[in-house]
Amino acid sequence: MTMKENLVKVLIIGSGPAGYTAGIYAGRANLSPLIYEGDQPGGQLTQTTEIENFPGYPQGVDGNEMMSHLREQALRFGASIKSRKIVKVDFSKRPFVCEDERGEKVEAETVIISTGASAKYLGLADEEKYRGLGVSACATCDGFFYRKKRVAVVGGGDTACEEALYLSSLAEKVYMIVRKDYLRASDVMKRRVMEKENIEVLFNCNTEGLYGEDGVEGVHIVRHLGTDKEERFDLAVEGFFLAIGHRPNTEIFRGQIDIDAEGYIVVAAPTTKTNVEGVFAAGDCADPIYRQAVSAAGTGCRAAIDAERFLLAKEEL
Ligand code: NDP
């Protein structure tokens, strides 16, 4: 394939609601966008079950179903989709050069970054050891396996409370492992958690490790770490759920575009422009505040329009 054949007007990196919506809009603008779906086609929503807050679905919709609808809609308007991951980019000059995991290069007049965010882990070796064997970062995906069992949720924010509440309807007992002496979550979520009889909040507690023969059988916990009240104990649970926030998937763009201290891509709001002309960012990778499917879809739309206007201004359309 010659370089010319490998040149696209709009390259979209990532396939959550932001990426597919950018694909729909860029497709309808006749820009023949190319979407690299990455490791998790459909993004975070494919890890949830029911989505009840996306407008247009009064009865709620299954996350996978909604993402396959968005994908289909992007294809209908002429987007091409590759089930590959971009691992390296060079934004130093246009056309931009992006490389996938097989070393294949694609050149692009404009790039829309919509790589989303991923759940954070504590960084313990045991999380790797027991991944899929009791360790999870998605209660709605895996909670079903813990019916009538004992589970722990790490974190004290709204996500942790939501996960604990969800699990409390399935599991026999839910422990929340919270490192501070308070829950950071909103008042309404705190109240719901406190009112649930089978949720117990363990304040001032940190996880040191996990144990178990073929899967998680419990957690090694330390309470009041680093104080004279420090104590260690084991908590018997079969499920260990992380709910300590998310990290934007922006590693490969480091050094190429402006990224803030937490890893979010900096955009010139209300546009989706990054500091590199012709590179735009949409969805959770550039959104430390809202992180909703519908807001991601909204910025995907904006990014496609921004890319189209950029190309028009350069008279490349
Ligand atoms: P947050 O950043 O709000 O909370 C993260 C929690 O994890 C905190 O309790 C934090 O502890 C804890 N934590 C972080 N790192 C560690 C660690 N290494 N070890 C132990 N504990 C750790 O993230 P969320 O995902 O909960 O929420 C993100 C945003 O989304 C928030 O704005 C939230 O309000 C919103 N949201 C709203 C929902 C709703 O309204 N229904 C549902 C879900 C999210 P500490 O407090 O000590 O820092």
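Which domains does the domain assignment of the protein chain give? The answer is domain 1 (4-119 + 246-313) and domain 2 (125-242), with bounds that come from an automatic or database domain assignment. This is a predicted model, in which local features need pLDDT of at least 70 and side-chain atom pairs count only at pLDDT 80 or more, while totals for chains, interfaces and linings use all residues. Residues are numbered from 1 along each chain as its sequence is written, and side-chain values use heavy atoms, with hydrogens and water left out.

**Domains and sheet**

- The C-alpha centres of domain 1 and domain 2 are 33 Å apart.
- Look for an open sheet of five strands, in the order S10-S17-S11-S12-S13, with parallel pairing. Strands here are DSSP runs (E, at least two residues), helices are DSSP runs too (H or I, at least four residues), and both are numbered from the N terminus. Two strands pair if DSSP finds at least two bridges between them.
- At the edges of this sheet you will find strand S10 (135-136) and strand S13 (199-202), each of which pairs on one side only.
- Strand S12 (residues 173-177) runs parallel to S11, and five bridges join the two. Ala 152 stands opposite Tyr 175 in S12.

**The largest nonpolar core**

- A nonpolar core is a set of buried Ala, Val, Leu, Ile, Met, Phe, Trp, Tyr and Cys residues joined through side-chain atoms within 4.5 Å. Buried means under 20% relative accessible area, exposed means over 50%, and partly exposed lies in between (1.4 Å probe, protein chains only).
- The largest core has 30 residues, and those that touch the most other members are Val 10, Ile 35, Met 66 and Ile 112.
- Two or more residues of this core come from each of strand S1 (7-13), helix H1 (17-28), helix H2 (63-76) and helix H7 (293-313). H7 gives the largest share, eight residues.
- As background, nonpolar side chains tend to be buried together in soluble globular proteins.

**Aromatic rings**

- The structure has six aromatic pairs. Rings of Phe, Tyr and Trp (its six-membered ring) pair if their centres lie within 6.5 Å; planes under 30 degrees apart count as stacked, over 60 as edge-to-face and the rest as tilted.
- One of these pairs is Phe 91 with Phe 96: the ring centres are 5.3 Å apart and the planes are at 70 degrees, so the pair is edge-to-face. Both Phe 91 and Phe 96 are buried, and together with Phe 253 they form one aromatic cluster.
- Tyr 146 and Phe 241 are also edge-to-face, because their planes are at 80 degrees, with ring centres 5.4 Å apart. Tyr 146 lies in the loop between helix H4 (139-142) and strand S11 (150-154) and Phe 241 in strand S17 (residues 239-242), so this pair ties together parts that are 95 residues apart in sequence.
- Tyr 146 is buried at a relative accessible area of 10%, and Phe 241 is buried at 0%.

**Charges over rings**

- A charge sits over a ring if NZ of Lys or CZ of Arg is within 6 Å of the ring centre and within 35 degrees of the ring normal.
- The charged end of Arg 28 sits over the ring of Phe 77, 4.8 Å from the ring centre.
- Arg 147 lies over the face of Phe 144, 4.2 Å from the ring centre.

**Cysteines**

- How many disulfides does a search of the whole structure find? It finds zero, where a disulfide is a pair of cysteine sulfur atoms within 2.5 Å.
- For Cys 98, the nearest cysteine sulfur is that of Cys 285, 14 Å away.
- For Cys 161, the nearest is that of Cys 205, 16 Å away.
- Cys 98 counts as buried because its relative accessibility is 0%, and Cys 161 is buried with a relative accessible area of 0%.
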